[in-house]
Amino acid sequence: MKVELVLQPGQAPAPTTLSQRVAPAPAQAAKAAAPAAKKVGSSIAKKKATLKKKRSPRQKKEPVTAADLDAQMEDYTAAGAAAASAA
């Protein structure tokens, strides 16, 4: 693919410097966008606050003892042996 660009020196836009490209936006544009951003942020904050209020505190589980684990393991092996003998 061949692309040819034809520019006339008088019509070419002035090149922008790096400092112009990375400079912050003008103050007028920032002021115009600020009220819209504020409304969005406040609604998000309200949603987060209501979610926080609705959550109940987490209940802690009781720790499992070695005897409980042994009983569960015996039940598991007994069920496995019964299923193997039935098959």
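Val3 sits in the segment before helix H1 (18-22). Helices here are DSSP runs of H or I with at least four residues, and strands are runs of E with at least two, numbered from the N terminus. At 61% relative accessibility, Val3 counts as exposed. The classes are buried (under 20% relative accessible area), exposed (over 50%) and partly exposed (in between), with a 1.4 Å probe and protein chains only.

This is a predicted model: local features need pLDDT of at least 70, side-chain atom pairs count only at pLDDT 80 or more, and totals for chains, interfaces and linings use all residues. Residues are numbered from 1 along each chain as its sequence is written, and side-chain values use heavy atoms, without hydrogens and water.

Patch members have over 30% relative accessible area and no salt bridge; like charges are joined within 9 Å, nonpolar side chains (Val, Leu, Ile, Met, Phe, Trp, Tyr) within 5 Å.

Glu4 and Lys2 form a salt bridge, with the closest N and O atoms 3.6 Å apart. The rule asks for a side-chain nitrogen of Lys or Arg within 4 Å of a carboxyl oxygen of Asp or Glu. By this rule the count is one. Both Glu4 and Lys2 are exposed.

Now the whole chain. It has three helices and zero strands. Buried residues make up 0% of its 87 residues. The chain exposes about 9,000 Å², and carbon and sulfur atoms supply 62% of that.

Mean pLDDT, the predictor's confidence in each residue from 0 to 100, is 79 for the chain, and 82% of the residues score at least 70. Where pLDDT is low, predicted coordinates should not be read in detail.

Helix H3 (residues 66-86) holds Asp68. Asp68 is partly exposed, at 39% relative accessible area. With Asp70, Glu74 and Asp75, Asp68 gathers in a surface patch of negative charge.

Note on methods. Areas by Shrake-Rupley, 256 points an atom, 1.4 Å probe, with all protein chains shown as cover. Lys, Arg positive; Asp, Glu negative; His and termini not counted. Charge placed at Lys NZ, Arg CZ, Asp CG, Glu CD.
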